[in-house]
Amino acid sequence: MTHTAFNQRLQQRRKARCLTQQEVADQLFVSRKTVSSWETGRNLPDLFMIQRLAAIYQTSVDDLLGTAARSVTRPVTMLGPALAIMAVGRLALPAWPAMLLLSDVFLLGLAILLVGWWRQRFPVLVLRGGALILSILLVSAAWNNLFAMDFGLQLVYLLTAVVLIIPVATAGGTWYRQRRNQQVRG
């Protein structure tokens with residue numbers, strides 16, 4: 001928190017409530033000069049005074065201090081469970097070397113998407129698009145290798161594809177509802 005941002009917020013909140021420095025000072029039982037020194041940044045109020053200022057300005061202490069929680073929303077993905085299913089299937093089920101290599105490629109793709117989600121490197125469309133592409137490739141690999149692949153590994157591929165596609169499908173419904181609400185309002 002910088003002093004200048006804090007004192008500016010104090011002044012803005014006071015003016016938004018149409019209060020003078022003297023009126024605030026009277027409510028807090030301090031001098032007008034004290035309120036002025038807070039708003040100019042020469043001094044800072046103590047925590048008790050900040051709580052009382054927040055009550056007078058009808059705001060939260062977090063808002064007054066500028067520490068209001070910034071909501072960082074990450075898209076809901078099932079990359080972790082999909083990676084776990086794929087890893088367990090890769091390690092537990094017998095398969096031909098070519099199928100193991102194919103499983104490793106899918107594991108790598110899932111790991112890249114999961115790390116990108118965790119570090120917030122990829123936009124939502126990349127994550128959802130990557131999950132969709134991986135799920136299509138998993139179903140395609142299970143279908144194309146119908147007789148070359150162990151049945152258990154096929155189930156792992158299909159289950160991983162279903163787990164990956166669930167958030168993508170539900171996000172489409174959310175997008176549709178948001179779009180419809182915007183059209184109704186507009």
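The model is predicted, so local features need pLDDT of at least 70 and side-chain atom pairs count only at pLDDT 80 or more, while totals for chains, interfaces and linings use all residues. Residues are numbered from 1 along each chain as its sequence is written, and side-chain values use heavy atoms, with hydrogens and water left out.

**Overall build**

- The protein chain has 9 helices and 0 strands; helices (H or I, at least four residues) and strands (E, at least two) are DSSP runs, numbered from the N terminus.
- Of its 186 residues, 32% count as buried, where buried means under 20% relative accessible area, exposed over 50%, and partly exposed in between (1.4 Å probe, protein chains only).
- Among contacts (heavy atoms within 4.5 Å) with a separation of 6 or more, 63% are between residues 24 or more positions apart.
- The protein chain exposes about 11,800 Å², and carbon and sulfur atoms supply 64% of that area; accessible areas come from the Shrake-Rupley method with a 1.4 Å probe, and for residues only the protein chains shown count as cover.

**Nonpolar cores**

- A nonpolar core is a set of buried Ala, Val, Leu, Ile, Met, Phe, Trp, Tyr and Cys residues joined through side-chain atoms within 4.5 Å.
- The largest one has 22 residues, and those with the most contacts inside it are Met86, Phe106, Leu110, Leu138, Tyr157 and Leu164.
- Helix 6 (79-92), helix 7, helix 8 and helix 9 each supply at least two residues of this core, with the largest share, 7 residues, coming from helix 9.
- Beyond its neighbours within four places in sequence, Leu164 is in contact with Met78, Leu79, Ala82, Leu110, Ala131, Leu134, Ser135 and Leu138.
- A second, separate core of 16 residues includes Leu19, Leu28, Val35 and Ala54.

**Aromatic pair**

- The structure holds 1 aromatic pair; rings of Phe, Tyr and Trp (its six-membered ring) pair if their centres lie within 6.5 Å, and planes under 30 degrees apart count as stacked, over 60 as edge-to-face and the rest as tilted.
- Phe106 and Tyr157 form this edge-to-face pair, at 5.4 Å centre to centre and 85° between the planes.
- The pair links Phe106 in helix 7 (residues 97-118) with Tyr157 in helix 9 (residues 151-185), 51 residues apart.
- Both Phe106 and Tyr157 are buried.

**Surface patch**

- Leu108, Ile112, Phe122 and Val126 form a nonpolar patch on the surface, with about 340 Å² of accessible area together.
- Patches are made of residues with over 30% relative accessible area and no salt bridge, with like charges joined within 9 Å and nonpolar side chains (Val, Leu, Ile, Met, Phe, Trp, Tyr) within 5 Å; a salt bridge is a side-chain nitrogen of Lys or Arg within 4 Å of a carboxyl oxygen of Asp or Glu.
- Val126 is found in helix 8 (residues 124-144) and counts as partly exposed because its relative accessibility is 38%.
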